[in-house]
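These are my notebook entries on one structure. I set down what I looked up, entry by entry.

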Amino acid sequence: MSSSKDIDQFCQSIKQNKSIKWLRATFCANSGVLKAKSFYTQHPHFGDFVKNGIGLATGVQGLPAHEDHIAEGSDLTAAGEARLVPDITSMRTLPCGTRASCMSDLYDVAPDGSMHPCELCPRTYLKNQIAKLAQFGYSIKCGYEFEFSVFVKDKDGKYVAEPGTFCNVYAENKLIFFINDLTDALVAQGVMPELSHKEAGDGQIEFVLLYDDPLKAADDNLVVRETIQIIAEKHQVKASLLPKISENMGAGNHIHISLWKDGKNVTGAPDGFSTEGNHFVAGIFDNLKALMAITTPTMNSFRRLKPGYFAGAYHVWGWNNKEAAIRIPGGTQIPSHFELKTVDATSNPYLTIGSIIVCGLDGLKNKRTLPKPVSLDPGSLTPEEREKLSIVQLPASLLSVLEHLKTNTALINALGPKLSKAYIAVKTYEAQTLSKLTLEEEVQLLLTTY
């Protein structure tokens with residue numbers, strides 16, 4: 001938490017800026033859905049809100065994405081409250097004008113009035129894993145890719161995605177209005193774009209951020225998601241990061257990661273990973289089936305994770321292999337980072353990056369090693385050839401990866417009993433209640449939730 005002096009200066013600055021009427025405390029729930037409460041900046045007790053936060057029912061961590069019903073087995077009820085405390089160092093002014101936002105942490109209040117980090121807080125979970133990795137002498141940097149679709153109104157008033165193939169210039173030109181406004185809005189909020197192009201799906205854009213420290217990368221992930229929706233509202237179009245909207249290509253939220261020690265990137269060595277880089281990535285590889293319960297956490301996620309769609313559906317790693325779950329981008333030079341493809345924007349970025357650290361640290365501690373890389377498309381092989389090379393497809397359902405998570409000691413211990421139980425209950429409830437929906441029904445329900 002910030003010092004009282006810093007908070008007082010922050011509050012004074014906000015009060016003097018009459019254009020900011022509301023300060024929002026933003027939070028990402030177990031469902032991966034952004035939630036927030038706001039406080040009027042000219043209220044006489046505005047400073048108390050910033051210092052002590054605002055009450056939030058802990059039951060919110062038991063809510064699924066599609067309804068306000070606390071999942072059975074979460075151990076959460078209507079009784080119980082934590083404080084949602086804004087992190088003033090993350091403050092940004094939203095592009096919609098009169099509102100600013102801070103990413104926020106959950107705190108429990110003790111009987112004596114003291115506040116302590118809440119075990120149900122995903123952002124605190126990430127901070128804890130960053131600290132544990134630092135104790136081992138390492139840190140990471142992360143950069144996200146965002147794939148999302150834009151839907152414009154046709155002559156009949158229906159929202160449709162403009163057709164267009166991968167990297168098609170003419171198709172991209174039709175979406176330049178959106179890309180330009182998104183770029184300006186993100187830069188104004190302290191988020192640095194790096195690359196953009198037309199993706200393979202209809203109306204689909206890929207937008208890549210510059211890498212950053214893990215907490216900033218997770219915060220920025222949520223900034224991008226919200227800003228995409230704000231820009232869509234401005235232009236009276238719809239936008240969605242839902243992993244699978246049609247039978248065309250899906251939408252990922254791939255994350256690029258590098259391992260650092262003593263201020264130096266130690267991910268790679270000539271023609272592959274360094275020894276410590278290999279251990280770190282092997283930890284992710286070996287724990288991947290359980291990790292997917294956090295990085296690809298919805299029924300819709302598994303509609304995307306199919307062979308032949310560049311989604312990383314096979315449990316392999318390789319150089320420039322877009323059918324591999326873990327990929328080294330670039331040529332045969334010393335790799336500066338690796339890409340985890342089994343991630344999408346229905347995930348909670350704090351839980352995602354925190355859990356990647358847990359798995360990587362497990363690899364470092366236990367000196368895990370990667371199998372041989374796979375340099376070809378596993379889908380081009382016969383089942384017998386894949387079996388000979390020990391190539392298997394990753395789990396194909398949410399319930400399957402949840403079972404892997406339940407028995408994964410490293411992740412369950414890191415999450416802790418309260419957060420792990422609530423998370424698994426939410427995702428189990430989503431799997432059970434949404435399993436009978438068709439793709440069209442699922443899209444209609446969740447299109448603008450993510």
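Predicted model: local features only at pLDDT ≥ 70, side-chain atom pairs only at ≥ 80, totals over all residues.

Entry 1, Asn348. Leaving aside neighbours within four places in sequence, I found Asn348 in contact (heavy atoms within 4.5 Å) with Cys28, Ala29, Asn30, Gly32 and Pro122. Asn348 lies in the loop between strand S19 (338–340) and H10; helices (H or I, at least four residues) and strands (E, at least two) are DSSP runs, numbered from the N terminus. I list Asn348 as buried because its relative accessibility is 2%; the classes are buried under 20% relative accessible area, exposed over 50% and partly exposed in between, with a 1.4 Å probe and protein chains only.

Residues are numbered from 1 along each chain as its sequence is written, and side-chain values use heavy atoms, with hydrogens and water left out.

I looked up how helix H6 (residues 214–234) packs on helix H10 (residues 349–365): the angle is about 150° and the axes are 9 Å apart. Axes are lines fitted to C-alpha atoms, for helices over the stretch in contact, and angles run from 0 to 180 degrees between N-to-C directions. H6 and H10 are therefore roughly antiparallel, a term for angles over 145 degrees. From H6, the contact is made by Pro214, Leu215, Ala217, Ala218, Asp219, Asn221, Leu222 and Arg225, and from H10 by Pro349, Tyr350 and Ile353. I sorted this contact by class into 8 nonpolar, 1 polar and 2 charged residues. Here Ala, Val, Leu, Ile, Met, Phe, Trp, Tyr, Cys and Pro count as nonpolar, Asp, Glu, Lys and Arg as charged, and the others, Gly among them, as polar.

I then turned to helix H13 (residues 409–434), which packs with H10 at an angle of about 150°, the axes being 9 Å apart. This pair, H10 and H13, is therefore also roughly antiparallel. H10 contributes Leu351, Ser355, Val358, Cys359 and Asp362 to the contact, and H13 contributes Ala410, Leu411, Ala414, Leu415, Leu419 and Tyr423. The residues of this contact divide into 9 nonpolar, 1 polar and 1 charged.

Which residues have the most contacts inside the largest nonpolar core? They are Phe178 and Ile353, in a core of 83 residues; such a core is a set of buried Ala, Val, Leu, Ile, Met, Phe, Trp, Tyr and Cys residues joined through side-chain atoms within 4.5 Å. H10 supplies the largest share of this core, 9 residues. Beyond four places in sequence, Ile353 is in contact with Leu126, Ile140, Cys142, Tyr144, Pro214, Ala217, Ala218 and Ile255. I also recorded a second, separate core of 28 residues, with Phe49, Leu56, Leu63 and Ala82 among them.

Leu446 is found in helix H14 (residues 439–446) and is buried, with a relative accessible area of 4%. Leaving aside neighbours within four places in sequence, I found Leu446 in contact with His66, Leu242 and Leu434.

Asn320, a residue other than glycine, has a positive phi near 50°; I located Asn320 in the loop between strand S17 (314–319) and strand S18 (324–328). For Ser390, also not glycine, phi is positive and near 60°. Is Ser390 buried or exposed? Ser390 counts as exposed, at 61% relative accessibility.

Note on methods
Parallel < 35°, antiparallel > 145°, perpendicular 65-115°, else oblique.
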